[in-house]
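Morning, everyone. Please bring up the sequence and the model, and I will walk you through a few places in it.

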Amino acid sequence: MISELNTASYYGDVMHRKIYNPYHLSVFEKRIGSYKFNNSFEKDCLSVAKQALALMLEYPSGTIFQNTSNEVFESEEGIIRAEEYISFIAETDGQLYENIARVINDELNECSEIEEPSLLQIYDTQNELTHKALDFECRLFPLLNDLCTLLNNMP
C-alpha cells in the first residue's frame, strides 16, 4: 500500500504541475484544433476537450466553487461540502483505493445533506438585484461526469 501511495503522490504532483502551468492553457485551443483522432475513445476525448474549451472561453473567470460554500451554511454540521465530493483519484484498483473509498464512504454516510451550487439573492434591501444564474455549473458538472466516464473506460 505504501508503494501505491508513493505512486499516487508522484503522479498527483506531475498532474498538478501540468494543470497549473499556464503554458498548457494558452495552447489548449491550438492543440484541440490540430488533434486527429484514431478511434472512438479518442473522438470522445476530443469532444470533451472541445466542450471544456467552449466553457473556458465563455466563462474565463468561472470556477468550480464560485457558487458553493455560502456563509449561511459555514457553521452547519452534517453537510457534505463541495470540496469534499469534487476530486480525482489516481487509481480505482488496489488496496489504497479500497481504503480511501471505505474511509470516505464512512465519513460521508454521517452527513444528511450535500452542498450544491446555489445563488443567494436578498430582496429586502436597497441593493440592486443581481441577474446571476448557474449556467456555468449546469454545463460544468455534466462535463466532469463525461470526463470521469472517459477516465474510467480508458483502454
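A term before anything else. A residue counts as exposed when its relative accessible area is over 50%, as buried when that area is under 20%, and as partly exposed in between. And a caution: this is a predicted model.

Start with I19. Buried or exposed? Its relative accessible area is 61%. The cut-off for exposed is over 50%, so I19 is exposed. You will find I19 in helix α1, which covers residues 2-20.

Together with M15 and Y20, I19 makes a nonpolar surface patch of about 380 Å². M15 also sits in helix α1. Its relative accessible area is 43%, so M15 is partly exposed. One distance for M15: A90 is 75 residues away in sequence, yet the two C-alpha atoms are 10.0 Å apart.

Next, a helix pair. Two packed helices are described by the angle between their axes and by the distance between those axes. Here the pair is α4, residues 40-58, and α7, residues 135-152. Their axes come within 10 Å and cross at roughly 155°. Why call them antiparallel? An angle over 145 degrees counts as roughly antiparallel, so α4 is roughly antiparallel to α7. The crossing of α4 past α7 is left-handed.

Now charges. Side chains of opposite charge can pair when their charged atoms come close. How many salt bridges does the structure hold? One. The partners are E58 and R139, and their closest N and O atoms are 2.6 Å apart. E58 belongs to helix α4 and R139 to helix α7, so this pair ties together parts that are 81 residues apart in sequence.

From F136 to R102 it is 34 residues along the sequence and 32 Å in space, C-alpha to C-alpha.

Last stop, Y59. Where does Y59 lie? In the loop between α4 and β1, the strand at 79-80. Y59 has a relative accessible area of 22%, which means partly exposed. Y59 and E116 are 57 residues apart in sequence, and their C-alpha atoms are 19 Å apart.

To recap. I19, M15 and Y20 make the nonpolar patch. Helices α4 and α7 cross at roughly 155°. The salt bridge is E58 with R139. Thank you.

Terms used
Residues numbered from 1 in each chain as written. Predicted model: local features only at pLDDT ≥ 70, side-chain atom pairs only at ≥ 80, totals over all residues. Heavy atoms only, no water. Patch = residues over 30% accessible without salt bridge, like charges linked within 9 Å, V, L, I, M, F, W, Y side chains within 5 Å. Areas by Shrake-Rupley, 256 points an atom, 1.4 Å probe, with all protein chains shown as cover. Salt bridge = Lys/Arg side-chain N within 4 Å of Asp/Glu carboxyl O. Helix = DSSP H or I, 4+ residues; strand = E, 2+ residues; numbered from the N terminus. Buried < 20%, exposed > 50% of the residue type's maximum accessible area, 1.4 Å probe, protein only. Axes fitted to C-alpha atoms, helices over the stretch in contact; angles between N-to-C directions. Parallel < 35°, antiparallel > 145°, perpendicular 65-115°, else oblique. Left-handed = near helix turned anticlockwise from the far one by under 90°.
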